[in-house]
Amino acid sequence: MTNPARPRQAWRFLAGLLLSSLALPLYAFNLDSDKPIRVESDNARLDDQKGTATYTGSVRVTQGEALLTADKVVLYRGEVQSLNRMVATGDPATYEQPETQQGPAVYAEGRTIIYQADEERITFEREAFIRQKGDTFRGSRIVYDVAERVVTASSSEDDADDRVEMTIQPGRDSGSNNNSN
C-alpha cells in the first residue's frame, strides 16, 4: 500500500523545482540606471497636468539592450517627477532582454504589459508568454515580482479551457549559460 502523503510531497518537490528553474531574472527597465530610456513612435502626446506621455504607432522602448515593442505605450510620472509606471498594449506587445551577466536571454509577450517600478513588478496579461533558455511559461496572466523573483501565473476565470502551461527542458544545469531561444 502506498503512502498518500508521498505523491503530495513528490508534487510539491516537482512544482518547486519547476518554478525555481523558471525564476526569471527579468530586469525590465532599471530606473536607477545611468542608461537613458529611449522611446520611438509614430505619434506622441505629453500631458504634463496628468503626468503622462502616450506613444502610439510602432512604439519601441529601449534601455541599453532591453527592448519593448507595442502598438501603444503610456508612461506615468510619479509624485517625485520620475517615471514609475509603463503600460504597453499590442497584438502582442513584446519584451526582449538579451543574455547578460545577471541572467539568460528572455523573450516575453502579452496583449498588455504593465511595468510598475515602485512595486518592482511586471505583469503580462491576455495571452501571456515567457521564454527563457528554452523553457516556456504561458497563461492568461503572468506576474513577475522582480525583487522577490517570484512568478505567479493564472488562467482566465471566464474560460474553463484556459490553463496555465509550463514547459521545462530536462537535463539542464540551472546555472548553465545554455541559451536556446
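Aspartate 91 counts as exposed at 56% relative accessibility, where exposed means over 50% relative accessible area, buried under 20% and partly exposed in between (1.4 Å probe, protein chains only). This is a predicted model, in which local features need pLDDT of at least 70 and side-chain atom pairs count only at pLDDT 80 or more, while totals for chains, interfaces and linings use all residues. Residues are numbered from 1 along each chain as its sequence is written, and side-chain values use heavy atoms, with hydrogens and water left out.

A cis peptide bond, with omega about 0°, joins aspartate 91 to proline 92. Proline 92 is part of strand 5 (residues 83–97); strands (E, at least two residues) are DSSP runs, numbered from the N terminus.

Side chains of opposite charge can pair when their charged atoms come close. A salt bridge is counted when a side-chain nitrogen of Lys or Arg is within 4 Å of a carboxyl oxygen of Asp or Glu. By this rule there are 7 salt bridges, including these:

| Pair | N to O distance |
|---|---|
| Arginine 111 and aspartate 91 | 2.0 Å |
| Glutamate 40 and arginine 38 | 3.1 Å |
| Glutamate 119 and arginine 121 | 1.7 Å |

Salt bridges that share partners join Asp91, Arg111 and Glu127 into one network. Arginine 111 is partly exposed, at 22% relative accessible area.

For lysine 133 phi is about 50°. Lysine 133 lies in the loop between strand 7 and strand 8 (135–145) and is buried, at 6% relative accessibility.

Note on methods. Helix = DSSP H or I, 4+ residues; strand = E, 2+ residues; numbered from the N terminus.
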